[in-house]
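Let's take a walk through this structure together, one region at a time. Keep the model open beside you as you read.

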Amino acid sequence: MTTVPQVNYQTAPDQYKHWSLACDGPIATLAMNVNEECGLKEGYKLKLNSYDLGVDIELYDAVQRIRFEHPEVRTVVITSGRDKIFCSGANIFMLGKSAHAWKVNFCKFTNETRNGLEDSSRHSGLKFIAAVNGACAGGGYELAAACDEIVLIDDRYSSVSLPEVPLLGVLPGTGGLTRLTDKRKVRHDHADIFCTTTEGVRGQRAKDWKLVDEVAKPQQFQQVVRERALALAATSDRPADGKGVKLTPVERTQTDTTIDYQFVRIAINRSARNATVTVKAPETAQPTDIAGIEAAGARWWPLQMARELDDAILHMRTNETEIGTWILKTQGDAQAVLEVDATLLANRSHWLVRETVGLMRRTFARLDVSSRSLFALIDEGSCFVGSLFEIALSADRIYMLALPDAPQRAPRVAVSQMNFGVLPMVTAQSRLARRFYEDKQEMVSVLDTMTQFLDAGQALALGLVTAAPDDLDWADETRLALEERASMSPDALTGLEANLRFNGKETMDTRIFGRLSAWQNWIFIRPNAVGELGALKVYGSGNQAKFDLNRV
C-alpha cells in the first residue's frame with residue numbers, strides 16, 4: 001500500500017521552517033533554528049534543535065542551492081540560531097514512535113546528506129565549518145563531524161557528545177563512530193569514554209581528544225570562525241564571479257501507479273511488487289560550450305535528468321517500501337548521450353559542469369545503496385551508453401536482448417570515459433572496476449571498445465551483461481527472474497545485495513553504510529532498545545530501562 005501522506009523531498013528557501021541561509025561573499029551561513037511545532041509527522045515536538053526527516057530535507061536542499069545557485073561561496077558555516085544549543089540530534093520521541101523501516105530510511109538519508117558535505121569538499125572545493133555555539137549531542141555532533149572543521153565555543157556550558165549508547169541503547173546512526181576513528185583519529189580509549197558518557201566533553205579537553213579542531217571564548221568565537229572560514233575558502237577554486245543557476249522546482253505528475261518527469265518515468269506494478277524506472281536521453285540538441293550550458297541552466301539535460309532521478313529514488317525509497325524490485329531501463333538516442341558525455345569531459349574544470357557531475361555521482365551512489373533489488377533490462381530502444389550505462393552497472397543483474405535475426409533493431413551498449421572513474425561509487429572505484437575486481441586485462445578489453453556500439457553477444461563476451469536471451473526467450477526469462485526475486489525474503493535480499501554490491505575496497509563511506517545496515521538495523525529492533533522497557537521507548541517517561549543482560 002502507498003504511504004499516506006507521502007513525503008515530498010522538494011522544498012525551497014521560502015518554504016524552510018527550520019533553517020536560514022545567508023550568503024556573504026565567499027562565506028555562506030546555514031543557521032539551524034528548528035520550529036518544534038513543525039515536525040514532519042504528528043506525535044512529537046522538535047525540542048532543543050532536534051531534527052527529523054523534514055529538517056534534513058531542508059538541509060539537503062540548502063546545500064544543493066549553495067552548490068548551484070551560489071558559486072561564489074567557498075565555505076559554509078553551519079551553526080545554530082538558538083541560545084546555548086547547537087543541535088541535540090535526531091528527535092528521540094520521533095525515533096521511539098517510528099516504524100523500523102522509517103527509522104532506517106531516515107538514518108540512510110541523513111547519512112547521504114552528511115556524506116554529501118564531504119563529497120563536495122573533496123571534489124568541488126566547497127568547504128564546511130561547524131560553528132558549535134551550544135550543546136551539541138548525538139546527530140548534532142555527527143553533523144559537525146561531517147564538516148571539514150569544528151570550532152567549539154568555550155563557555156563552560158557547551159559540549160560535544162554521542163550519548164546514544166548510555167541514554168537510548170542504540171548507536172550513533174549517521175556515521176558518528178566511524179568519523180571518530182576514520183576521520184578524526186580519536187584515540188580508542190578516549191572514544192570509548194566519549195561514547196559511554198552522557199555529559200559530553202567541553203573546552204580544551206575536546207580539542208585535546210581531537211573531538212573538535214578549535215575552541216574559542218565567547219568574545220572571540222565569531223572572529224575565530226570567520227578566520228577559519230576564510231582560510232578554508234582560500235584553498236578553494238570556486239569562482240568569485242560565477243553565474244549561479246537557479247534550481248527551479250522539479251516538475252512531476254503522479255498517479256497511484258505512475259510518476260512522470262520529463263526525463264524519468266516510473267511505472268509501478270503493485271501485484272508484482274516491482275517498478276520500472278525509465279531514464280530518457282536528451283530529446284533536443286544539447287549545448288557544447290559553457291555559454292550554452294549556462295543559458296540552459298537547470299534545463300541542461302544532465303542536470304535536469306540527475307535532479308529528476310534523485311527525486312524519484314528518494315520518493316520510491318520512502319513512500320513505496322513494498323515495491324522491492326526496481327527494473328532499470330533507458331530510452332532514446334544513444335549518440336545524444338555520448339555527445340553530452342563528451343561535453344561534460346571537455347568542460348570538467350568549469351564549476352557548473354563539475355557540480356553537475358557531482359550531482360550525477362551522488363545520485364548514482366544513492367541508487368547503489370538503496371535496499372532494493374535492481375535489475376537492468378536492455379531492450380529495443382534502450383540507450384545504456386556512457387553515463388547512463390552507470391545505471392545498468394549499478395544493478396544486481398543486467399539482461400540484454402539479443403536479436404540475431406534483426407540486427408538493425410537490436411539494442412546496443414557502449415562505454416565512454418565517464419565509466420572509468422568520473423562517477424565513482426562510495427568505494428571510490430568505478431562500477432566497472434568493482435565489476436571486474438580491478439582486473440587489468442578485463443578492464444583493458446572494455447576500454448578498447450570505447451564509444452563502440454556493442455550488441456548482446458559482444459557485451460556478454462566482455463562480461464558487461466549477465467545474460468543475453470534472444471527474442472524467443474526474453475519475456476519468459478526476465479519474467480521468471482523477477483517472479484523469483486519477489487518470492488524471497490526482503491530482509492535477506494537487502495543483506496545479500498549490500499554485501500555483493502560493495503565487494504572491493506573499503507572507505508569511510510562504505511563503513512558508515514555497512515555499519516548502519518548491520519549494527520544499527522539489528523540494535524534498532526532489539527528489546528533493549530525498542531521493547532516495552534527498552535531505553536529508546538522509555539526515554540523521557542520517568543521509567544528506567546530494563547535490559548536483557550545476555551550478550552548475543
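Is D368 buried or exposed? Before answering, keep in mind that you are looking at a predicted model. D368 turns out to be buried, with a relative accessible area of 3%. You'll find D368 in helix α13. Setting aside residues within four places in sequence, D368 is in contact with S394, M425, R431, R501 and F502.

Helix α19 covers residues 490-501, twelve residues in total. From its first C-alpha to its last, α19 reaches 16 Å, close to the 16 Å expected at 1.5 Å a residue. Which residues of α19 are buried? They are L493, E497 and R501. Looking down the axis of α19, you'd see its buried residues fall within an arc of 50°, so they line one face of the helix.

Now for the charged pairs. Side chains of opposite charge can pair when their charged atoms come close. Searching the whole structure turns up 35 salt bridges. Let's start with D61 and R65, whose side chains meet in a salt bridge at 2.7 Å, N to O. Both of them sit in helix α1 (residues 53-69), four residues apart, which is about one turn of the helix. D61 is buried at a relative accessible area of 11%, and R65 is buried too, at 6%.

Other pairs reach across the chain. The side chains of E149 and R228 form a salt bridge, 2.6 Å from N to O. This pair links distant parts of the chain: E149 belongs to strand β9 (residues 149-153) and R228 to helix α9 (residues 218-233), 79 residues apart. E149 is buried, with a relative accessible area of 14%, while R228 is partly exposed at 30%.

Then there's D237, which forms a salt bridge with R354; their closest N and O atoms are 3.0 Å apart. D237 lies in the loop between α9 and β13 (253-254) and R354 in helix α13 (residues 351-368), so the pair ties together parts that are 117 residues apart in sequence. D237 is exposed, with a relative accessible area of 52%, whereas R354 counts as buried at 16%. Salt bridges can also join up into a network, as they do for E112, D310, R317 and R366.

Let's turn to the nonpolar side of things. In soluble globular proteins, nonpolar side chains tend to be buried together. Here the largest nonpolar core has 142 residues, and those with the most contacts inside it are I78, Y141 and L211. If you pick out Y141 and skip residues up to four places away in sequence, you'll see that Y141 touches a set of residues including I150, L162, F194 and L211.

Next, the strands. Which strands does β16 pair with? Strand β15 (residues 264-269) is joined to β16 by six bridges, and the two run antiparallel. Across that pairing, N269 has N274 as its bridge partner. β15 and β16 form a hairpin with four residues between them, and R273 in the turn has a positive phi of about 55°. β16 also pairs with strand β17 (residues 325-331), this time in the parallel sense over seven bridges. There, the bridge partner of V277 is L328.

Our last stop is an open sheet of four strands in the order β5-β8-β10-β11, with mixed pairing. Its edge strands are β5 (84-87) and β11 (201-202), each pairing on one side only. β5 runs parallel to strand β8 (residues 134-137), and three bridges join them. To find the spot, look for K84, which stands opposite G134 in β8.

Key
Residues numbered from 1 in each chain as written. Predicted model: local features only at pLDDT ≥ 70, side-chain atom pairs only at ≥ 80, totals over all residues. Heavy atoms only, no water. Salt bridge = Lys/Arg side-chain N within 4 Å of Asp/Glu carboxyl O. Buried < 20%, exposed > 50% of the residue type's maximum accessible area, 1.4 Å probe, protein only. Core = buried A, V, L, I, M, F, W, Y, C linked by side-chain atoms within 4.5 Å. Contact = heavy atoms within 4.5 Å. Expected span 1.5 Å × (residues − 1). Arc of directions from axis to C-beta. Pairing = 2+ DSSP bridges.
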